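Please open the model in your viewer and keep the sequence panel beside it. The stops below are meant to be selected in order.

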Amino acid sequence: MKNTPIHEWHLPGIPDNFTVHIKRDDMTGCSVSGNKIRKLEFLLADAIDKGCKHVITCGGIQSNHVRTTAIAATQLGLKVHLVLRSMDVQKAEEISCAGNMMLSRLCGATFYMVPSLAGAQRIRYSDEMKPRIDKIAEQIKKNTGEDSYVIPIGGSTDVGLFGYIEAFQELVLQGLFEKYDDIVITSGTCGSTAGLAIANYLTGSKVKVHGIPVCNDEGSFYNHIDQALQEVGLTDVKARDIVDIISGHKGRGYALYTQEELDFIIKISSMTGIMLDPSYNGKATRGMIKELNENPLRFKGSRILYIHTGGLFGMLDGQLDETIKMASHTNQVYMYLDKDDDPPKEFTSSTK
């Protein structure tokens, strides 16, 4: 994988004494773009090394991890099985072909839809997803004699952890220690945040790593990183010593948005040309700007590096359609019917 670029990000609302650059991990590939492919580089290598012919993973309908797994595993000749939270959908024929789901379906994956319980916001992995995954793996083994490689939500395992430990080395080669004081990244299953925090610790904690959660509570993220530390044999350090989890910016919850959050995404895309998905990077970027203004002392310095984790295809599920049409700067659409007429809008120079 080629190094993803870093460039200055002219975000509106940043205090004058701060600068923000962006690491474009939304450019790790085309159909496999985003942070998940870094983990899958190690996870799928492990699957092949173990002789597995099937890959089973899980997530939401618009999961970036699920889409990336489906594409990468199919490219490697592995058969893909996806266990998805279907939330309000109760029938298979109601499942859409939009966004990430379209690409996952194009890979010929087998889907197993898990409807949410009445009133439940999330479906717990251990209670509802993992038992189904185990039964699918058992059935595959019984019917074909072939083994399955199980990847938990987000690919956040001790193997997947090395994706962002390796990414940290890439950052070092790109001048991390010389150019930046702080790293900010969105956190969902926390694997990428854990990898960066551990790599930073192992290299002397020369920068400060911040994770901005989009789900769950602050304690669960620290617990996950503590577990990761134990799994890799780092028993003399705690998560709270090596990472700053910045809570309070998940809004209504995972994959749930407010109109203000959607308006923010439109504003940033139209002003900077950087697309932010609503589930992860939109919330994290909005939270980062707020923290830089309201809690500047929690940052080590003034030179911030934001890690863009992708999520572009999740923006194509229709959630943004009405917001785009309502905003004047993203709805400049005019009919030009007669070539002899003047243009339907008076164009003025933006440099005046």
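This is a predicted model: local features need pLDDT of at least 70, side-chain atom pairs count only at pLDDT 80 or more; totals for chains, interfaces and linings use all residues.

Residues are numbered from 1 along each chain as its sequence is written, and side-chain values use heavy atoms, with hydrogens and water left out.

Select helix H7 (residues 191-202) together with helix H8 (residues 218-231), whose axes come within 10 Å and cross at roughly 55°. That angle makes H7 oblique to H8 (under 35 degrees counts as roughly parallel, over 145 as roughly antiparallel, 65 to 115 as roughly perpendicular, and the rest as oblique). Helices here are DSSP runs of H or I with at least four residues, and strands are runs of E with at least two, numbered from the N terminus; axes are lines fitted to C-alpha atoms, for helices over the stretch in contact, with angles from 0 to 180 degrees between N-to-C directions.

Now show the side chains between these helices: Gly191, Thr193, Ala194 and Ile198 in H7 meet His224, Ile225, Ala228 and Leu229 in H8, contact being heavy atoms within 4.5 Å.

Next, turn to the aromatic pairs, of which there are five (rings of Phe, Tyr and Trp, the last by its six-membered ring, with centres within 6.5 Å; planes under 30 degrees apart are stacked, over 60 edge-to-face, the rest tilted). Select Phe18 and Phe299, an edge-to-face pair at 6.1 Å centre to centre with 70° between the planes. Phe18 lies in the loop between strand S1 (6-8) and strand S2 (19-24), and Phe299 in the loop between helix H11 (281-294) and strand S10 (303-308), 281 residues apart. Phe18 is buried at 8% relative accessibility, and Phe299 is buried at 7% (buried is under 20% relative accessible area, exposed over 50%, partly exposed in between, with a 1.4 Å probe and protein chains only). Then select Tyr254 and Tyr280, whose ring centres are 5.8 Å apart with planes at 70°, so this pair too is edge-to-face.

Finally, which phi values do Cys190 and Asn216 have? For Cys190, in the loop between strand S7 (182-187) and H7, phi is positive, near 80°, and the residue is buried at 3% relative accessible area. Asn216, in the loop between strand S8 (208-213) and H8, has a positive phi of about 60° and is partly exposed at 43%.
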